[in-house]
Amino acid sequence: MEVGFLGLGIMGKAIAMNLLRHGFKVTVWNRTLSKCDELAEHGASVAQTPAAVVTKCKYTFAMLSDPSAALAVVFGKDGIVEHVSGGKGYIDMSTVDAATSSKISEAITKKGGYFLEAPVSGSKKPAEDGQLVILAAGEQALYDEVLPAFNVIGKKSFYLGQVGNGAKMKLVVNMIMGSMMNAFSEGLVLAGRSGLDPSVLLDILDLGAIANPMFRMKGPTMIQGSHPPAFPLKHQQKDMRLALSLGDDTSVSMPVAAAANEAFKKARSMGLGELDFSAVYEIVKAVEPPSQIS
């Protein structure tokens with residue numbers, strides 16, 4: 001299968017590399033074209049524009065940073081919508097809101113193309129290992145056609161029905177994850193300030209009902225103050241914002257998520273946006289305990 005791939009950030013690069021390793025012919029594009037060089041060394045073709053990719057490939061995947069980037073690639077100069085034609089499939093794996101997905105879907109289908117949204121649950125390591133969870137919605141025939149690619153990219157694919165459902169499910173998942181990370185950060189700092197060993201707390205959590213891979217993977221590096229970006233904090237905050245907007249649309253009260261979003265916003269204001277979202281731990285740790293009054 002020959003596919004196109006747009007967007008070679010942390011996730012896009014890992015996914016495209018995985019496709020190459022499994023024998024797919026891949027044509028890549030990135031806004032900063034130099035990011036295509038490593039993929040080219042592994043056999044990928046490089047296109048100069050998104051339009052060139054969709055013209056060449058029957059199936060084009062995209063993994064872009066936010067709604068504005070997703071819309072720019074479709075509607076901007078030399079974008080997808082200019083050159084998509086009957087029988088072409090566009091699979092957007094970006095994490096965006098449902099309205100953005102619907103707008104892209106409408107434009108693609110008006111030109112005779114097929115659209116599938118397919119955001120993923122998972123970060124850098126699962127992307128590299130082909131262990132993502134794919135949350136697809138849209139044209140079911142396209143879903144069935146690109147399933148061989150999904151089987152390389154992920155450990156499980158879900159087809160969720162109409163366009164927008166994939167976006168909504170991804171925002172719910174990331175809202176829960178961001179809220180958990182804030183509570184986890186507070187717990188680690190609370191343990192340390194209470195004279196307890198945070199590493200022992202990690203061992204205890206891992207043996208109980210709330211044991212989970214995120215705590216297991218992130219906890220040790222958080223304690224060390226190290227936050228290499230598997231999922232950048234700026235993207236987590238964007239997802240919290242979009243999830244809260246979905247809550248507004250559906251009249252769901254989300255005070256925990258709102259508080260978590262404020263913590264991520266504060267972390268971004270402190271220059272931590274490019275670090276992993278676990279760096280929200282640093283703003284909890286940065287609050288100095290009150291001095292003892294004699």
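Analyst: **Side chains, close up**

Aspartate 78 is partly exposed, with a relative accessible area of 27%. That term has cut-offs: buried means under 20% relative accessible area, exposed means over 50%, and partly exposed is in between, using a 1.4 Å probe and protein chains only. The model is predicted, so local features need a pLDDT of at least 70 and side-chain atom pairs a pLDDT of 80 or more, while totals for chains, interfaces and linings use all residues. Residues are numbered from 1 along each chain as its sequence is written, and side-chain values use heavy atoms, with hydrogens and water left out.

**Two backbone angles**

Aspartate 78 sits in the loop between α4 (67-75) and α5 (80-83). Helices here are DSSP runs of H or I with at least four residues, strands are E runs of at least two, and both are numbered from the N terminus. Aspartate 78 is not a glycine, yet its phi is positive, at about 55°. Most residues other than glycine have a negative phi. Serine 251 also has a positive phi of about 55°, and it is not a glycine either. Its place is the loop between α12 (233-250) and α13 (255-269). Serine 251 is exposed, because its relative accessible area is 69%.

**A buried asparagine**

Now take another loop. Asparagine 30 lies between β2 (25-29) and α2 (37-41). Is it buried or exposed? Asparagine 30 is buried, since its relative accessible area is 9%. Its side chain reaches the backbone nitrogen of leucine 8 at 2.7 Å. That side chain also reaches the backbone oxygen of threonine 32, at 3.0 Å.

**Charged pairs**

Side chains of opposite charge can pair when their charged atoms come close. A salt bridge needs a side-chain nitrogen of Lys or Arg within 4 Å of a carboxyl oxygen of Asp or Glu. By this rule there are 11 salt bridges.

One of them joins lysine 13 to glutamate 38, with the closest N and O atoms 2.7 Å apart. Lysine 13 is in helix α1 (residues 10-21) and glutamate 38 is in helix α2, so the pair ties together parts that are 25 residues apart in sequence. Lysine 13 is partly exposed, at 31% relative accessible area. Glutamate 38 is partly exposed too, at 34%.

Aspartate 129 and lysine 125 form another salt bridge, with their closest N and O atoms 2.5 Å apart. Both belong to helix α7 (residues 124-129), where being four residues apart separates them by about one helical turn. Aspartate 129 is partly exposed, with a relative accessible area of 41%. Lysine 125 is partly exposed as well, at 47%.

Aspartate 206 and arginine 216 also meet in a salt bridge, at 2.8 Å from N to O. Aspartate 206 is in helix α10 (residues 198-206) and arginine 216 is in helix α11 (residues 213-223), so this pair ties together parts that are 10 residues apart in sequence. Aspartate 206 is partly exposed at 34% relative accessible area. Arginine 216 is partly exposed at 46%.

**Rings**

A pair of aromatic rings is described by the distance of the centres and the angle of the planes. Rings of Phe, Tyr and Trp (its six-membered ring) pair if their centres lie within 6.5 Å; planes under 30 degrees apart are stacked, over 60 edge-to-face, and the rest tilted. This rule gives seven aromatic pairs. In one, the ring centres of tyrosine 143 and phenylalanine 150 are 6.0 Å apart and the planes are at 50°, so the pair is tilted. Tyrosine 143 and phenylalanine 150 are both buried.

The rule asks for NZ of Lys or CZ of Arg within 6 Å of the ring centre and within 35 degrees of the ring normal. Lysine 103 lies over the face of phenylalanine 75, 5.5 Å from the ring centre. The charged end of lysine 156 sits over the ring of phenylalanine 158, at 5.5 Å from its centre.

Methods: A polar contact is a pair of N or O atoms within 3.5 Å; within protein, one must be able to donate a hydrogen and the other to accept it, and residues adjacent in sequence count only if both atoms are side-chain atoms.
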